[in-house]
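Hi,

Here is the structure I promised to pass on.

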Amino acid sequence: MLAALVSVGALAQTPSEPDYDAAAAVLFGTTLNRTLTEMEQSGLQLNRERFAELLAKVLTGAHDVDSALVEFTPESAEALLIGAMTPQRPPAVPPMDAAEENAWVKSQLELPRTEELDGGVVLQRLVEGSGEQPGPTSRVKVMYTGQLSSGQVFDQTEEAFLLPVDGVISGLSRALQHMRVGGTYRVFIPPAEAYGSEAIMDLIPGNSALDFTITIEEIEQK
């Protein structure tokens, strides 16, 4: 009996084989669970129970008998998932009617102290400045607000901003050269002298007329 007890005790003290299966399950399972959670947080809806069943078939080489699995290659599966998790851009804003926008600019000539410049640009002198006039290669410090014909503001400065006269849209460049330092002006620009048919960052629809109110504070370079 004592010998038997000693024998059993010796067996109990024999170290067991490492559980590689459990270690691999914890390692890859933890990583996989983190990946699935990130996918779900990106808006992808997954049925984890069905996923586990299908994954088991892939791991055991039985995926070629499941109709849901055979239609995918690793490349097509990756493309589908990446596409589903990529944020979709909102649809582009529809373009404006260019004829209506041009007519709107033309109608601003009814406002006081306005004049029509080349290209159909309309300049209104709200407060005439007494300083220098910018030239075509000047840089000017300005405060401005940019609006669409609807009155929607698409851009506005919070402090004086340096603009190169020859580095802005053609209608604005032309108008700046008719302003003086210290003055405040309003500029109505037809689509062809602004961004034309191009939409800008979903803020400015294609074929938009633009409306700028500008104060020139300083000419930095002539």
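**What I found**

In this predicted model, helix α2 (residues 20-41) packs with helix α3 (residues 48-59) at an angle of about 135°, and their axes are 13 Å apart. That makes α2 oblique to α3, since an angle counts as roughly antiparallel only when it is over 145 degrees. The crossing, as α2 passes α3, is right-handed.

If you want to see which side chains to click on there, α2 brings Leu32, Asn33, Leu36, Thr37 and Glu40, while α3 brings Arg48, Phe51 and Leu55. Sorted by class, the contact has four nonpolar, two polar and two charged residues.

**Strands**

Now for the strands. Strand β1 (residues 114-116) and strand β2 (residues 122-127) run antiparallel and are joined by three bridges. To find your place in that pair, look for Glu116, which stands opposite Val122 in β2. The two strands form a hairpin, with five residues between them. In the turn of this hairpin, Gly119 has a positive phi of about 80°.

β2 also pairs with strand β6 (residues 184-189): these two run antiparallel as well, with five bridges joining them. Here Val127 stands opposite Thr184 in β6.

Most residues other than glycine have a negative phi. Arg113 is found in the loop between α6 (98-107) and β1. Because its relative accessibility is 53%, and the cut-off for exposed is over 50%, Arg113 counts as exposed.

Asn207 is another, and its positive phi is about 65°. Look for Asn207 in the loop between β6 and β7 (210-221).

**One more loop**

Last, have a look at Asp97, which is in the loop between α5 (74-85) and α6. Asp97 and Pro191 are 94 residues apart along the chain, yet their C-alpha atoms are separated by 9.8 Å.

That's what I have for now.

Cheers

Terms used. Residues are numbered from 1 along each chain as its sequence is written. This is a predicted model: local features need pLDDT of at least 70, side-chain atom pairs count only at pLDDT 80 or more; totals for chains, interfaces and linings use all residues. Side-chain values use heavy atoms; hydrogens and water are left out. Axes are lines fitted to C-alpha atoms, for helices over the stretch in contact, and angles run from 0 to 180 degrees between N-to-C directions. Helices (H or I, at least four residues) and strands (E, at least two) are DSSP runs, numbered from the N terminus. Angles under 35 degrees count as roughly parallel, over 145 as roughly antiparallel, 65 to 115 as roughly perpendicular and the rest as oblique. A crossing is left-handed if the near helix is turned anticlockwise from the far one by less than a right angle, and right-handed if clockwise. Contact means heavy atoms within 4.5 Å. Ala, Val, Leu, Ile, Met, Phe, Trp, Tyr, Cys and Pro count as nonpolar, Asp, Glu, Lys and Arg as charged, and the others, Gly among them, as polar. Two strands pair if DSSP finds at least two bridges between them. Buried means under 20% relative accessible area, exposed over 50%, partly exposed in between (1.4 Å probe, protein chains only).
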